[in-house]
Amino acid sequence: MAQVAPEVKVAEEPLLKVRGLDKHFGPVQALSKVDLDLPAGQVTGLCGDNGAGKSVLTKCIAGIHQPDAGQIFWEGRPVEIRSARDASRLGIETVYQDLALADNLDIVQNMFLGRERVRRGFLDEDEMERAAAATLASLRVTTVRSIRQPVATLSGGQRQSVAVAKAVMWNSKLVILDEPTAALGVMQTQMVLDLVKRLRDHGVAVMVISHNLNDVFEVADRIAVLYLGRMVAQDKASAFDRQSVVEYMTTGTVGRAPVET
Amino acid sequence: MEGPEQPPDPTAAPTAEPEMPPEVVAQSLGEYLRSWMVRARSGENRVLPVVAGLIMITVVFEIISPHHVFLSAGNLVNLFQQSAVFMVLAMAESFALLLGEIDLSVGYVAAVGGVIGVQLVQPATTNWPWWAAIIVALLACALIGALQGTLVARFKLPSFVVTLAGLLIFNGLMLLLLLLGPFSGYPSLSGRSTNLHVLYNLMWGNIDPVASWVAMAVIVAGLSFLMWRRDSRRRRSGLVAPPASVTVVKIAALAIVSVAVVAICNINRANIGVVEGVPWVIPIVLAVVGAWSLLLQRTRYGRYVYAIGGNAEAARRAGVDVAMVRTVAFVLCSFTAGIGGLLYASYLGGMSNNVNGGQLVLFAVAAAVIGGTSLFGGRGRMMDGLLGGLVIGGIYNGMYLLGLQVQWEFIVTGFVLLAAIAIDALSRREATRATA
């Protein structure tokens, strides 16, 4: 018990709490009795092999799928998230790999897409540009040459940074990143991971879904592992090593003493 | 707060450079021009090729046309009148192209609008006032757009097929409408009624020379003031803005072009008697350009059109009502086609079953693409339709002056279109390479 005490002190009540979530598609049980805690100001790495249920779980939280059973608690209150709009109203933003940005629009236009500021019927470009610049500066996304350049001219890491900044801009309390470093080079990956750490430092709850255990171990404060739709392990990152995470991902259990779930 | 200008990223892909819009990076007039040229060479800048094309057309036809008549005032005004229909139809088509869709029906939708307008003002039958006829013609076109747009956006039918069916259906509808009334298929705009005159004058009426000067001065002064105020406000607050010298050059260019157009139009272009002044069709076309540019560049709706053309999935995830934006785009497309149709009816002095809407739509798409609008969606402006329409009108006009038959016009226009689409595809390849 002594070793989990600090975590309990930091977050008595996790920002988002999932209890007993079930989801099946026809005869396929995609999630079964899944529990998950996402505390504020911490990065949770969600691991699992292909088909383990990572994206189904994410979509249940993001409002795209409706769970068949179980309950989601937001700031301690039970909530039903019926649509992506519901999710963003609560403060949940999901960044999907490479689906979030329109190449032909510039950074400001992308960051405000769907929530443009309007004055007297016309777009308030000056105000949007100022707000976008402030957000990017606060996250220290400073490598872009100009926030008026089309997203098509950005590198992969910069695009991912803009997508994350876009999610943060709306006072999000929980940001879900789906494979944020897939297809990125070493430096670009580092840029995104640093950004994830800054989000955490801003008090945001972050869930990172990743195949790359190096990335997970670098940023995650907590790690959760799904295996065939079941949550087989969930604890702070220091309770795992690479070997044990891989074993949980591939066999659902680990040879040594099982970690509390 | 930090300014938007940030130190360059050493890890950024260098191939991205040529695509940077000049207004974003340039600090001086020289840099602005250089970055503009770089973009032009990589196929990213779409204005330069079409302006170069226009200059080439002008020089070639001026040299080889009999008596060097191409640049005469009469011919230049005539050229604009011939181009006006292509321009407006290209702008109509732009709404579909920006979404990455296509509307093959604009030619016959325009024809239907034109026929409705001409039929309703016939003194022998309905004798409606001109304004009511115009409103009903445009509303009918908008309704057509709403139907086609609903099929594309809500029922997810491919726009190519929906509007191909539309092309046939509205060809038939045009012929049916032509048969109404005692005109044996050729309702005309010649006659004594004011309503006939107004429709005829959309294309052929002229504004008094003095009034032309005054109106031009007011419009140019107003636009210059707005441009200067906007750019200097953005410079002051440290937002991305072109340097002051670039703003001055833009305003000067606007003034020079405007003065030249009015001066040319105010030269007497009749062989006998007096025909002078700016034809009404010029302010009509400019009003369409202005209104639709404002809608596309400065409103939420316009932003969503570009977003859907660039990445429909991203727009959907951002909460944009994609089906609604698509449907409305088809309404605007057909509505604008209706304006083009009324201008065409005016140009022809009536409507007849010789109107070839299939050819009109091909010229509309060609004009938009030649002007720089991408066939792949998300890129293009209303000005592109205007410039591309001028290119097509210029070729048409020049070939006519040379006494060449229509077949040569088709062949030359076809090659120009091929060149334009090659530039479009090239710049698209550059863009994908930069992000890869």
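Visitor: Which strands of chain A does helix α7 (residues 186–201) lie across, and at about what angle does it run to β10(A)?

Guide: Helix α7 of chain A lies across β3, β9 and β10, and runs at about 150° to β10(A). Helices (H or I, at least four residues) and strands (E, at least two) are DSSP runs numbered from the N terminus, and angles run from 0 to 180 degrees between N-to-C directions of lines fitted to C-alpha atoms, for helices over the stretch in contact.

Before we go on: this is a predicted model, with local features needing pLDDT of at least 70 and side-chain atom pairs pLDDT 80 or more, while totals for chains, interfaces and linings use all residues. Residues count from 1 along each chain as its sequence is written, chains are lettered from A and ligands numbered from 1 in written order, and side-chain values use heavy atoms, without hydrogens or water.

In chain A, 6 strands make an open sheet with mixed pairing, in the order β6-β9-β10-β3-β11-β12. The edges belong to β6 (92–95) and β12 (230–236) of chain A; each has a single partner strand, so one side of each has no neighbour in the sheet. On average, neighbouring strands here are turned by 15° against each other, direction ignored. Strands pair if DSSP finds at least two bridges between them; β11 (residues 222–227) of chain A and β12(A) have 6 bridges and pair in the antiparallel sense.

Contact here means heavy atoms within 4.5 Å. Among the buried ones are A:Val56, A:Leu57, A:Cys60 and A:Ile61. Just past the end of α2(A), A:Gly63 takes a positive phi of about 85°.

Next, the aromatic rings. Rings of Phe, Tyr and Trp (its six-membered ring) pair if their centres lie within 6.5 Å, with planes under 30 degrees apart called stacked, over 60 edge-to-face and the rest tilted. By this rule there are 8 aromatic pairs over all chains. In one of them, the ring centres of A:Phe240 and A:Tyr248 are 6.2 Å apart and the planes stand at 75°, so the pair is edge-to-face. A:Phe240 is buried at 6% relative accessibility, and A:Tyr248 is buried at 2%.

Chain B has an edge-to-face pair as well: B:Phe86 and B:Tyr396, with centres 6.5 Å apart and planes at 80°. B:Phe86 sits in helix α4 (residues 73–98) of chain B and B:Tyr396 in helix α15 (residues 382–401) of chain B, so the pair ties together parts 310 residues apart in sequence. B:Phe86 is buried at 8%, while B:Tyr396 is partly exposed at 31%.

One last stop, with both chains in view: A:Glu125 lies in helix α5 (residues 125–138) of chain A and is buried at 11% relative accessibility. Leaving out residues up to four places away in sequence, A:Glu125 touches A:Arg148, B:Arg234, B:Gln297 and B:Arg303.

Notes
Buried < 20%, exposed > 50% of the residue type's maximum accessible area, 1.4 Å probe, protein only.
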